Amino acid sequence: MARTILSPLSYLFCYLAKQRRTKLSLEQQPFSVPIIVVGNITVGGTGKTPLVIWLVEQLRAAGYRPGVVSRGFGGKQVGVKFVHVKKTASEVGDEPLLIAQRTAVPVVIGRDRNAAIVHLLTRTNCNLVISDDGLQHYRMKRDLEIAVIDGARRFGNGYCLPAGPLREKPERLQDCDFVVTNGIAEQGEYSMHIRGENLQSLVGEEQCALSLFQGQSVNAVTGIGNPARFFSHLKSAGLNLIEHVFPDHHAFTAEDLKFRDDLPILMTEKDAVKCRNFPAETIKNAWYLPIAAELEAVFAERLVQRLKELTHRG
């Protein structure tokens, strides 16, 4: 019923999104280095951040000097700023902080992606920029687009906002250079799988295998766009979950982790960057699950080949 009522607004949203793309694309200004945009056409988490981290590692191994720009959603910083690893997620945003800590490459945040890119290029020796999200930031010139799809949810009910989860129609993917599917890929897509077997304590350097919690009950805490994927991963390892779901980019407080039991607390690495400085008594039995993206070797090969072609033409 709600979808039927909202469908006219959905059609209007799709129309306006297309008009906006056309208008803003005319305002693009080129940059002297390749710009890769990683984004999606749906709301909610699809796995962009682990893919960005994977791209940084692969492109650095191929001889590039990558840097990352991001909006810094959830952070209080205004203007354009570098992300320092000692900053807090409340200042710079959880995803940019995680990327900076995991990759050690320059990361710049700013609502204006063009300004962020200029800031990055004029203050570092980066020769390639990856935009974490920003597929719909059409004022930003891009050389390659990588769209990420959630393999389980795909495009939901097929409607644009507000009747469905789409920011743009699925046809938009035909204009993307690569489509990466977090899960089982369909024809023309590249499959990405997320791996995570070991837990890291929020207090100190202790690590342990996720399998050690098999058969145990745990408090599973998330503040991400798609908590079902994290919960599914824990359940597949044989854990019994007491689920605590918070909104995406939730600004956690110590009170959020005070439960009426002494069971272990498990969370994602994205959430952990916001909880590491809580009182030790609160997080003494809290763990997070570092994850890594795994993609087909052919995807990395074709991506590097496309970049070489861009450089040659330039």
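Tutor: Let's start with a working rule: two residues are in contact when heavy atoms lie within 4.5 Å. The model we are looking at is predicted.

Student: Thanks! Which residues is Phe299 in contact with, leaving aside its neighbours within four places in sequence?

Tutor: Phe299 is in contact with Trp54, Leu55, Ile146, Phe178, Val180 and Tyr190, once neighbours within four places in sequence are set aside. You will find Phe299 in helix H9, residues 297-313.

Student: Why does Phe299 count as buried?

Tutor: The cut-off for buried is under 20% relative accessible area. Phe299 has 0% relative accessibility, so it counts as buried.

Student: And why does Val245 count as exposed?

Tutor: Exposed means over 50%. The relative accessibility of Val245 is 53%, and therefore Val245 counts as exposed.

Student: Where is Val245, and what is it in contact with beyond its neighbours within four places in sequence?

Tutor: Val245 belongs to strand S12, which covers residues 240-245. Beyond neighbours within four places in sequence, Val245 is in contact with Thr222, Pro227 and Phe231. Pro227 is 18 residues away along the chain, while the C-alpha atoms of Val245 and Pro227 are separated by 7.2 Å. As for Thr222, its bridge partner in S12 is Val245.

Student: How do you know that S11 and S12 pair?

Tutor: Pairing needs at least two bridges between the strands. S11 and S12 have 6 bridges, in the parallel sense, so they pass that cut-off.

Student: What is the order of strands in the open sheet of 6 strands?

Tutor: The order is S10-S9-S14-S13-S11-S12, and the pairing is mixed.

Student: What makes S10 and S12 the edge strands?

Tutor: Each of them, strand S10 (207-209) and S12, pairs on one side only. Going from one strand to the next, the twist averages 30°. Helix H6 packs on this sheet, where it touches S11, S12, S13 and S14, and its direction makes about 165° with that of S12.

Student: How do you know that S13 and S14 are joined?

Tutor: Strand S13 (residues 265-268) and strand S14 (residues 286-289) run parallel and are joined by 4 bridges. At least two are needed, so they count as paired. Within this pair, Met267 stands opposite Tyr288 in S14.

Student: What about the open sheet of 9 strands: what is its order, and why do S3 and S15 stand at the edges?

Tutor: The order is S3-S4-S2-S5-S1-S6-S7-S8-S15, with mixed pairing. Strand S3 (81-82) and strand S15 (292-295) each have a single partner strand, so one side of each is left without a neighbour in the sheet.

Student: What makes a set of residues a nonpolar core, and which residues have the most contacts inside the largest one?

Tutor: The members are buried nonpolar-type residues, from a list that includes Val, Leu, Ile and Phe, joined through side-chain atoms within 4.5 Å. The largest core here has 39 residues, and Leu51 and Ile146 have the most contacts inside it. Its largest share, 7 residues, comes from H2. Not counting residues up to four places away in sequence, Ile146 touches residues including Leu51, Leu55, Phe178, Val180 and Phe299. Another core, of 23 residues, lies apart from it, with Ile41, Val69, Leu135 and Met140 among them.

Student: Last one: what lines the largest pocket?

Tutor: The lining has 50 residues, and Gly44, Gly45, Thr46, Lys48 and Glu95 lie nearest the pocket's centre. About 1,300 Å³ of space lies in this pocket.

How values were computed:
Residues are numbered from 1 along each chain as its sequence is written. This is a predicted model: local features need pLDDT of at least 70, side-chain atom pairs count only at pLDDT 80 or more; totals for chains, interfaces and linings use all residues. Side-chain values use heavy atoms; hydrogens and water are left out. Helices (H or I, at least four residues) and strands (E, at least two) are DSSP runs, numbered from the N terminus. Buried means under 20% relative accessible area, exposed over 50%, partly exposed in between (1.4 Å probe, protein chains only). On a 1 Å grid over the protein atoms alone, a cavity is a set of points where a 1.4 Å probe fits but cannot get out, and a pocket is an open set with protein on both sides within 12 Å along at least five of seven lines; lining residues have an atom within 4 Å of a point. Grid points are joined across faces, edges and corners, and a volume is the space filled by probe spheres set on the points. Axes are lines fitted to C-alpha atoms, for helices over the stretch in contact, and angles run from 0 to 180 degrees between N-to-C directions.
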